[in-house]
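Here's a quick tour for anyone opening this structure for the first time. Keep the picture at hand and follow along.

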Amino acid sequence: MAMSLQLQLLHGSQSFQSLPENHPHHGFQRLFLGKNLFGKPRFKSSVIKISSKSLDAGKHHKQLKLRSTRCSVSTTEPSTVENQKKNQLKARRDVRNIAIVAHVDHGKTTLVDAMLKQAKVFRDNQSVQERIMDSNALERERGITILSKNTAICYKDTKINVIDTPGHSDFGGEVERVLNMVEGVLLVVDSVEGPMPQTRFVLKKALELGLSVLVVVNKIDRPSARPDHVVNATFELFIELNATDEQCDFQVIYASGVKGQAGLSPEKVGNDLGPLFEAILRCIPEPTIDPDSSLQMLVTNLDYDEHKGRIAIGRVHAGKMQRGMEVKVCTPDENCRFGKVSEVFVYENFMKVPAETVEAGDICAVCGIDDVLIGETLADKVNGLALPGIKVEEPTVRMSFSINTSPFVGREGKHVTSRKLRERLYRELERNLAMKVEDGEMADTFIISGRGTLHITILIENMRREGYEFMVGPPKVINKRLNDKLLEPYEIAIVEMPEEYMGSVVELLGKRRGVMVDMQGSGVENTTVVKYKIPTRGLLGLRNAILTASRGTAVLNTVFEEYGPWAGDISTRDQGSLVSFETGTSTTYALSSSQERGQLFLGPGIDVYKGQIVGIHQRPGDLSLNVCKRKAATNVRSNKEQTVVLNAPLDFSLDDCIEYIQEDELVEVTPLSVRMCKNPRAAKKTK
């Protein structure tokens with residue numbers, strides 16, 4: 001039946017029969033053939049490619065030309081009960097709430113910059129830095145968005161609340177946390193790369209919540225842009241994620257965030273982002289509110305001000321939030337306490353503006369409740385009820401944190417005790433919902449669980465900048481046991497690389513228990529994209545290995561897929577470490593002979609201690625050596641001093657060190673230094 005339906009759709013058979021509503025392909029019939037669904041033109045001769053995978057039939061891709069359609073329109077008749085509810089609800093036509101979601105480096109933050117500039121948020125002569133939403137110092141250094149942030153712009157007397165979200169899969173919890181504040185999302189897709197792993201994750205979450213989706217094909221000005229392919233791939237992604245007919249009927253905007261241009265077709269891009277703003281007003285639903293109901297505001301983010309204290313940020317779902325009102329703070333498990341709101345702010349033109357009253361449907365910031373947490377509800381003091389809590393995906397990787405036990409402890413940091421470390425880690429849970437903290441086997445050890453190594457590495461980097469000294473163990477995956485079977489997390493890894501390095505990269509992925517799912521050429525000449533399903537264990541340390549194999553040209557992207565059967569043993573490192581067996585200062589004389597044993601991490605004049613890892617051994621197994629040895633002073637003159645040439649040491653970042661270490665090794669983190677050492681506790685266990 002599936003194949004016959006597809007063939008009749010493709011060949012326009014006159015004998016096509018209407019399918020019953022309970023038929024599995026009834027939705028496709030309504031989407032492609034239902035007259036009530038079609039309206040004014042949206043695409044011009046857009047070709048949507050329906051794969052056999054989408055229709056569960058055949059092995060070849062087919063093409064189907066669709067009539068142009070408009071934004072999501074429902075054809076179902078509402079029930080009497082729904083009509084009664086809708087009569088009580090009121091639409092706020094002066095507000096739109098949107099979140100901008102995309103894969104990393106697809107241009108979300110740059111697009112927000114252009115939207116802010118064209119909405120006249122800044123003065124004409126005002127100096128504005130690039131990626132203004134990435135206000136965190138760590139975000140600007142790494143060039144990625146780490147935290148979700150709010151802003152607002154005005155267009156044609158309509159306030160548009162915009163939430164910029166991270167694009168990296170490790171920060172997916174930030175995206176899940178803010179999606180309940182909006183009615184729709186702008187799904188930004190690169191005009192060359194198309195949908196990537198994180199695109200699938202954020203789209204899946206948006207569709208599950210029933211949000212409207214506006215697709216923005218960004219970077220349309222790239223020479224190798226292929227917008228038709230990207231739109232087709234995005235449509236197939238909607239089908240794979242079981243989107244409804246209305247969600248599949250998405251509007252497409254073609255834009256260039258750098259140039260600040262947008263249009264309804266790739267050939268006709270306007271001089272500004274006017275078409276994008278118009279599409280937001282047309283396709284993103286207005287908030288529907290009940291003006292007579294009791295106050296309910298779900299806290300989805302926290303901020304801090306030195307003068308105002310803790311600031312709770314969220315959307316008012318019902319009622320009104322007023323300055324100076326007393327509220328009931330409710331937790332999801334119905335434990336309540338009382339508080340008083342001292343000040344209320346709304347977002348306007350990239351800043352918080354004081355307000356007396358905020359009606360339902362708008363996003364605001366509230367001061368005065370110092371113990372409020374994310375996921376709690378600020379409700380009416382008398383009749384208030386708690387809203388459902390925020391649910392995020394479970395963590396897949398864990399690492400151990402412990403106090404610094406090296407001989408150099410206390411030289412650079414000011415927070416070195418286990419009490420300070422414990423307070424800081426548990427304070428992180430107030431904001432970071434996707435992270436978990438547990439006490440370890442010993443009093444000075446804590447287990448941190450997160451979405452990935454980068455998720456935990458960002459916490460480590462923030463803590464060292466705050467003056468903390470501590471040690472970090474190697475990352476480990478979080479396994480599960482179901483029906484007496486051991487399960488481990490699997491991820492989808494997509495690697496884009498030049499064709500000449502494909503053999504070495506594929507061999508590397510195969511050694512780590514990866515299974516190839518797909519392989520195709522990208523929009524760039526002589527570039528191949530491979531898609532693998534690989535255990536999360538196999539990804540530990542993989543990024544550096546792939547960069548080495550491809551001479552720095554490969555790009556690796558991953559996203560969590562599912563838990564699957566244990567894949568077996570995986571060897572992530574074939575070489576041992578060079579370990580110093582003496583405390584002192586490294587010398588040129590000692591390093592000249594040590595560099596013959598492998599690659600060193602340090603140069604002369606660096607303080608080292610016994611047990612510190614100073615290099616990579618060129619063979620399996622560790623090798624202890626002395627990098628502090630001095631040349632013996634004698635009274636015998638040599639005719640000529642020997643010239644010593646040292647190789648440039650390897651410069652490992654914090655991320656590199658965490659990827660490098662193994663079970664019996666630790667990373668020592670201080671405000672000014674990152675060192676690796678052997679774990680003395682692991683050595684005692686082996687003895």
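## The nonpolar cores

A nonpolar core is a set of buried Ala, Val, Leu, Ile, Met, Phe, Trp, Tyr and Cys residues joined through side-chain atoms within 4.5 Å. Keep in mind that what you see is a predicted model. Its largest nonpolar core has 46 residues. If you want to find the residues with the most contacts inside that core, look for V185, L187, L203, V213, V215, V217 and F238. The biggest giver to this core is helix α9, residues 227-240, which puts in 6 residues.

Let's pick V217 and see who surrounds it. Setting aside neighbours within four places in sequence, V217 is in contact with V189, S191, V230, V231, V252, I253, Y254 and A255. There's also a second, separate core, this one with 27 residues, including I98, I100, A114 and A279.

## The chain as a whole

Stepping back, the chain runs to 687 residues, and 52% of them count as buried. It has 19 helices and 39 strands. Take the contacts between residues at least 6 apart in sequence: 71% of these join residues at least 24 apart.

## An arginine under cover

Now find R310 in strand β13, which covers residues 309-318. Is R310 buried or exposed? Its relative accessibility is 17%, and the cut-off for buried is under 20%, so R310 counts as buried.

What does the side chain of R310 have beside it? One of its polar atoms lies 2.7 Å from the backbone oxygen of V372. The backbone oxygen of D370 lies 3.4 Å from a polar atom of the R310 side chain. Leaving out neighbours within four places in sequence, the residues in contact with R310 include L302, D303, Y304, I369, D371, L373 and E430.

## An asparagine in the open

For a contrast, go to N271, in the loop between β10 (261-263) and α11 (274-283). N271 counts as exposed because its relative accessibility is 73%, and the cut-off for exposed is over 50%.

Which residues does N271 touch, not counting those up to four places away in sequence? They are G260 and Q261. N271 and G260 sit 11 residues apart in sequence, and their C-alpha atoms are 7.5 Å apart in space.

## A helix on the inside

Helix α13 spans residues 453-465.

Among the buried ones are L454, I456, I458, L459, I460 and M463, along with H455, E461 and R464. Just after α13 comes G467, which takes a positive phi of about 100 degrees.

## How confident is the prediction?

The mean pLDDT of the chain is 79, and 82% of its residues reach 70 or more. Where does pLDDT stay under 50? One such stretch is residues 1-70, for which the model has 115 contacts beyond four places in sequence. Residues 72-82 also stay under 50, and there the model has 13 such contacts.

Note on methods:
Residues are numbered from 1 along each chain as its sequence is written. This is a predicted model: local features need pLDDT of at least 70, side-chain atom pairs count only at pLDDT 80 or more; totals for chains, interfaces and linings use all residues. Side-chain values use heavy atoms; hydrogens and water are left out. Helices (H or I, at least four residues) and strands (E, at least two) are DSSP runs, numbered from the N terminus. Buried means under 20% relative accessible area, exposed over 50%, partly exposed in between (1.4 Å probe, protein chains only). Contact means heavy atoms within 4.5 Å. A polar contact is a pair of N or O atoms within 3.5 Å; within protein, one must be able to donate a hydrogen and the other to accept it, and residues adjacent in sequence count only if both atoms are side-chain atoms. pLDDT is the predictor's confidence in each residue, from 0 to 100. The expected span of a helix is 1.5 Å times one less than its number of residues.
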